[in-house]
Amino acid sequence: VQLLAAGGHLVQAEGQLGLSCGGSVNTFWTFLIGWYRQAPGKQRELVATITRAGTTNYADSVKGRFTISRDNAKNTVYLQMNSLTPEDTAVYYCSATQVLSTYWGQGTQVTVSS
């Protein structure tokens, strides 16, 4: 499974940005998809997940600001990020998990300026 994350950009604080994660397989809809992020000098942390049924889960730090969604017909998962702060600056990665296997995309840089 190959994942392509896209949409990272430089944005001002309080702005919004949308990320996308495209999967290379038609069974993409069966995977648990996660968005993670890693800021410089910090460990990678979970941002949000979405199950095949559409159940979502968010880190406390992004609840109410970020929305994860999926379009199974397009093999794509989205992360809509609103009210961004400089603390959201990181490389954002998407992952796809099924049974015991997890696949990672290459990451996309999000930079929020104050």
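This is a predicted model: local features need pLDDT of at least 70, side-chain atom pairs count only at pLDDT 80 or more; totals for chains, interfaces and linings use all residues.
Student: Why is the disulfide of Cys 21 and Cys 94 called right-handed?

Tutor: Look at the torsion about the S-S bond: its value is about 70°, so the disulfide is right-handed.

Student: Which parts of the chain does the pair link?

Tutor: Distant ones: Cys 21 belongs to strand β3 (residues 17-23) and Cys 94 to strand β9 (residues 90-98), with the two cysteines 73 residues apart.

Student: Are Cys 21 and Cys 94 buried or exposed?

Tutor: Both Cys 21 and Cys 94 are buried, and that word stands for under 20% relative accessible area.

Student: How do you know that β1 and β3 pair?

Tutor: Pairing takes at least two bridges between the strands. Four bridges join β1 to β3, so these antiparallel strands meet the requirement. Within that pairing, Leu 3 stands opposite Gly 23 in β3.

Student: What order do the strands of the open sheet follow?

Tutor: Four strands make up this sheet, ordered β1-β3-β8-β7, with antiparallel pairing.

Student: Why do β1 and β7 stand at the edges?

Tutor: β1 (3-6) and β7 (66-71) each have a single partner strand, so one side of each is left without a neighbour in the sheet. On average, neighbouring strands of this sheet are turned by 15° against each other, direction ignored.

Terms used:
Residues are numbered from 1 along each chain as its sequence is written. Side-chain values use heavy atoms; hydrogens and water are left out. A disulfide is a pair of cysteine sulfur atoms within 2.5 Å. Buried means under 20% relative accessible area, exposed over 50%, partly exposed in between (1.4 Å probe, protein chains only). Axes are lines fitted to C-alpha atoms, for helices over the stretch in contact, and angles run from 0 to 180 degrees between N-to-C directions.
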